[in-house]
Amino acid sequence: MLLIRHAMVILITGASRGIGAALAGRLTGSGHTVLAVSRNRKGLQRIADECNQQTGKRLCHPIPFDLTDLTDLEEEFRSTVMNHAATVDALVNNAGHMIHKPFRQFTLREARNLFETNFFAPAQLIRIILPMMADSSLRHVVNITSMGGFQGSAKFSGLSYYSASKAALGNLTECLAEELGEEGIRVNALALGSVQTEMLAEAFPGYRAPLKPDQMAGFLQWFILEGAGYFNGKILPVSISTP
Ligand SMILES: NC(=O)c1ccc[n+]([C@@H]2O[C@H](COP(=O)([O-])OP(=O)(O)OC[C@H]3O[C@@H](n4cnc5c(N)ncnc54)[C@H](OP(=O)(O)O)[C@@H]3O)[C@@H](O)[C@H]2O)c1
């Protein structure tokens with residue numbers, strides 16, 4: 001088994017709560033540096049403070065940013081990231097947006113917003129971060145998709161655009177693994193099953209998921225650091241429930 005022992009720099013989007021926040025805690029707890037991106041400045045600062053207090057080191061760096069602004073603020077974002085680290089070893093496209101409502105009731109604006117956050121922002125972020133991976137020994141891009149966007153899976157009514165945006169990110173994963181493979185970049189997608197987070201509770205009140213964020217984060221940590229040794233261009237279902 002490939003073992004990466006030295007400290008890595010990992011950029012995680014959507015780290016102010018839920019799975020991303022738990023992942024930031026796990027990774028910094030193991031001595032890795034986390035560049036934590038999301039919009040909620042206070043929430044992000046709280047997570048960074050928790051991580052840094054627990055480790056006694058400044059390993060979690062909050063970067064408050066709305067990823068749907070990347071088109072206009074690409075240079076600003078790039079230089080902010082570079083102020084924290086010259087090399088990024090892994091990028092985790094975890095930030096996501098869910099709207100749960102019948103297909104007929106969706107406005108085009110809502111549908112586009114979903115695709116902005118769940119597809120275009122991760123795609124653009126990969127382009128921005130790629131040059132910063134050149135000197136890394138890991139070079140792993142992990143896209144967080146969903147079982148709803150996994151071909152042939154059981155589907156949930158009301159998640160049409162959300163699932164389609166995740167399926168698009170999965171397909172991009174397969175394409176980029178091919179296109180970037182010669183540069184030693186590994187690109188994979190994890191299609192998650194349900195995890196008890198605020199996103200899930202807001203969309204499906206009363207439903208209890210079988211996993212807590214920290215449990216899922218434990219697997220994600222392993223996959224980010226070790227998975228590139230086993231997988232490339234794969235969309236892997238990570239689920240003990242249906243869907
Ligand atoms: N929970 C589940 O059951 C489940 C299942 C399958 C897949 N997933 C996927 O797993 C990922 C994490 O989900 P979660 O359940 O942990 O959700 P969550 O608790 O709602 O967290 C989502 C994160 O994304 C950030 N975010 C959203 N829009 C953003 C934007 N425009 N710019 C920057 N950050 C943004 C949010 O932070 P701010 O509000 O601070 O920006 C938040 O930190 C998502 O991609 C989700 O689709 C979750």
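Predicted model: local features only at pLDDT ≥ 70, side-chain atom pairs only at ≥ 80, totals over all residues.

Entry on the shell. I looked up which element gives the largest share of the shell around the ligand, and I found that E5 does so, with 3 residues. The elements that contribute two or more residues to this shell are helix H1 (18-29), strand E5 (140-146), helix H5 (160-180) and helix H6 (198-203). Sorting the shell residues by kind, I get 11 nonpolar, 14 polar and 4 charged. There are 29 residues around the ligand, and those that come nearest are Arg-17, Arg-39, Asn-94, Tyr-162 and Thr-197.

I checked the ligand's oxygen atoms and found one at 2.8 Å from an N or O atom in the side chain of Ser-16, and for the side chain of Ser-38 I read a distance of 3.0 Å from a ligand oxygen to an N or O atom. I then looked up the cover: the ligand taken alone exposes 880 Å², and the protein buries 95% of that. The space that the ligand takes is the largest pocket.

Entry on Gly-158. I located Gly-158 in the loop between E5 and H5. Is Gly-158 buried or exposed? I count Gly-158 as buried because its relative accessible area is 13%, and the cut-off for buried is under 20%. Gly-158 and Ala-203 stand 45 residues apart in sequence, and their C-alpha atoms are 9.6 Å apart in space.

Key:
Residues numbered from 1 in each chain as written. Heavy atoms only, no water. Near = heavy atom within 4 Å. Polar contact = N/O pair within 3.5 Å; in protein donor to acceptor, adjacent residues only side chain to side chain. Areas by Shrake-Rupley, 256 points an atom, 1.4 Å probe, with all protein chains shown as cover. 1 Å grid on protein atoms, 1.4 Å probe; cavity = no way out; pocket = protein on both sides within 12 Å on 5 of 7 lines; lining within 4 Å. Sits in = over half its atoms within 2 Å of the grid points. Helix = DSSP H or I, 4+ residues; strand = E, 2+ residues; numbered from the N terminus. Nonpolar A, V, L, I, M, F, W, Y, C, P; charged D, E, K, R; others polar. Buried < 20%, exposed > 50% of the residue type's maximum accessible area, 1.4 Å probe, protein only.
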